Amino acid sequence: MKNNNYEQVSLNMELPDPEADSEHRKAMHEIEEIVELYGRDSLTYLAIEGEKQYYVSNEIHGFIAFAVVKRIAICIGNPVCPPGKSQEMLSEFRNYCRREHMKICFSSVSEEFAQMAEIDGFVKT
């Protein structure tokens, strides 16, 4: 007689939360609106593609898109915000990352933003 060893497995399927889905759509609409207003290059449009997190400012009409890898917030491109507000966005995002115990890495930013970030203590590599 053949011995079949089966492991009991429980499968659960979470049903979508309509309220959470509505909140997500509302947040993405705001992100897309900010991109339309302040997007300056093709990297801006990558911010809304794929799985990303968004730091959205309460003070500035802008955001920083990022992905977290090993407690590092990896940001591609400049903050998406009104001209002249990148410094403030960076400061807010830096405070957020400190509270969340994350380091920050920016990649593919403009020379202007890189210089501003260096003044703020970031190291250009």
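What you're looking at is a predicted model, where local features need pLDDT of at least 70, side-chain atom pairs count only at pLDDT 80 or more, and totals for chains, interfaces and linings use all residues. Residues are numbered from 1 along each chain as its sequence is written, and side-chain values use heavy atoms, with hydrogens and water left out.

**The overall fold**

- The chain has 4 helices and 4 strands; these are DSSP runs, numbered from the N terminus, with helices (H or I) of at least four residues and strands (E) of at least two.
- Follow the sequence and you get the pattern α-α-β-β-β-α-β-α.
- Of the 125 residues, 30% are buried (under 20% relative accessible area, with exposed meaning over 50% and partly exposed in between, using a 1.4 Å probe and protein chains only).

**Helix H3**

- H3 covers residues 86–99, and its 14 residues reach 20 Å from first C-alpha to last, close to the 20 Å expected at 1.5 Å a residue (the expected span is 1.5 Å times one less than the number of residues).
- Its buried residues include Met89, Leu90, Phe93 and Tyr96.
- The buried residues of H3 pack against strands E1 (53–56), E2 (63–69), E3 (72–76) and E4 (103–107), plus helix H4 (111–119).
- After H3 comes His101, with a positive phi near 60 degrees.

**The nonpolar cores**

- A nonpolar core is a set of buried Ala, Val, Leu, Ile, Met, Phe, Trp, Tyr and Cys residues joined through side-chain atoms within 4.5 Å.
- The largest one has 19 residues, and Phe66, Phe93 and Phe106 touch the most other members.
- E2, E3, H3, E4 and H4 each supply at least two residues of this core, and the largest share, 5 residues, comes from H3.
- There's also a second, separate core of 8 residues, with Val35, Tyr38, Ala47 and Phe63 among them.
- Leaving aside neighbours within four places in sequence, Phe66 is in contact with residues including Tyr55, Ile74, Phe93 and Met102 (contact means heavy atoms within 4.5 Å).

**Aromatic rings**

- The structure holds 9 aromatic pairs (Phe, Tyr or Trp rings, using the six-membered ring of Trp, with centres within 6.5 Å; planes under 30 degrees apart are stacked, over 60 edge-to-face and the rest tilted).
- Tyr54 and Phe63 have ring centres 5.6 Å apart and planes at 75 degrees, so they're edge-to-face.
- Phe63 counts as buried at 1% relative accessibility, while Tyr54 counts as partly exposed at 22%.
- Tyr55, Phe66, Phe93, Tyr96, Phe106, Phe113 and Phe122 form one aromatic cluster.
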